[in-house]
Amino acid sequence: MNFDNILLDKVKSMKPSGIRKFFDLADSIEGCISLGVGEPDFKTPWHIRQAAIESLQKGMTRYTSNAGLMELREEVSIYMERRFGLKYDPKSQVVITVGGSEGLDAVIRTVIGPEDEVIIPEPSFVCYSPLTILAGGKPVNLPTYEKDNFKINPEVLKNAITPKTKLLILPYPNNPTGALMTAKDYEEIAKVLSGTNIIVLADEIYAELCYNTDKPNSFACTPGMYDRTIIVNGFSKTYAMTGWRMGFVCGPKEILGSTLKIHQYGIMSAPTTSQYGAIEALRNGDEDIEEMKMHYNMRRRYLLDSFSSMGIPCFEPLGAFYVFPNVSKFAPTSEEFCTDFLNKQKVAVVPGNAFGENGEGFVRISYAYSMEHLKKAMDRLDKYINHNT
Ligand code: PMP
């Protein structure tokens, strides 16, 4: 067999995720502490697990409707109204997906084809560009800068738009920078988009994890933007449910009807047991979010204080569970910093350029780890930075 002829060029040239690459290396080092994984260290709250177990005990083990259990879509709809003031019809404007990941893929494949340009802020989560390429489209990087607290600069956005631009990804709160866009910031983005036919895919998977407010924000709340916004959200980060693979998409019925076809043929329906857990999460999970958020916030403050006492510059991230310190004065490249730090102090962090060229000079540190774990890592960072060991 000549497999080389069989594989698609666009898949062959796809780089494996820079996050994983680094962690495979770290795994092979004994006693290594990782600050790399973007996954809550908490267990899924017990009442959510119990609801899923009960559904199994009752024998609820069949496919659900393609879009997901109506009961769950109704809960999503209630949640979106309760937390964001946004109304979505559970019959035509909500699809339950296999994590936010499947939602992102299905939406991009719904609207993107050859020649279509997708504007992707950078640095950001690793999947948007490969998914765009797989759909046949062209990723257009939109650099964001430390001096702007890694928010989108409306002028830079304006310059990135061409007649071929079809989709703008809005990934806030942001992975890896922890940046937030406020309602006011979004209004500036809306001004740039009004009068165009550009649609917005808002990856709001970290919406509940913002530390300057109790009320999460969505781009769809921006005046005039509801009709052109497709929201991807999910349960992985909010309720510590990464392994359940539960996400949802909300948006205009004209788009979601087609996204549902892609989901139907590729997935059939999201896992039934997980859907029962998700119903419980939405009904009774608010206190769990508050509790986890309180811990994340304590850790966030601890890391920022540690950086400040070590002389490591870091803008204050207000969302998600990442900090993105600037390490450019300690090493020629992010990758060299990470490799040297790993070799000398056995701590693994992710080079910023794993999230796009614009992340060069920075590293991503996740605080989805216990305080004890973080303290150990900060002691080692101090030794590395200030005692060159
Ligand atoms: N979007 C962002 C910004 C993420 O960080 C992640 C997970 N790291 C996802 C989407 C996908 O999450 P999931 O598929 O578990 O919902």
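Q: Which residue does Glu316 form a salt bridge with?
A: Arg300, with the closest N and O atoms 2.9 Å apart. A salt bridge here is a side-chain nitrogen of Lys or Arg within 4 Å of a carboxyl oxygen of Asp or Glu. This is a predicted model, where local features need pLDDT of at least 70, side-chain atom pairs count only at pLDDT 80 or more, and totals for chains, interfaces and linings use all residues. Residues are numbered from 1 along each chain as its sequence is written, and side-chain values use heavy atoms, with hydrogens and water left out.

Q: Where do Glu316 and Arg300 sit in the chain?
A: Glu316 is in the loop between helix H12 (286–310) and strand S9 (322–323), and Arg300 is in helix H12, 16 residues apart. Helices (H or I, at least four residues) and strands (E, at least two) are DSSP runs, numbered from the N terminus.

Q: Arg300, buried or exposed?
A: Buried, at 1% relative accessibility. Buried means under 20% relative accessible area, exposed over 50%, partly exposed in between (1.4 Å probe, protein chains only). Glu316 is partly exposed, at 43%.

Q: How many salt bridges by this rule?
A: The count is 19. One of them joins Lys164 and Glu115 at 3.2 Å, N to O. That pair links distant parts of the chain, 49 residues apart. Lys164 is partly exposed at 41%, while Glu115 is exposed at 55%.

Q: What about Lys158 and Glu155?
A: Their side chains meet in a salt bridge at 3.4 Å, N to O. Lys158 and Glu155 are separated by about one helical turn, because they are 3 residues apart in helix H8.
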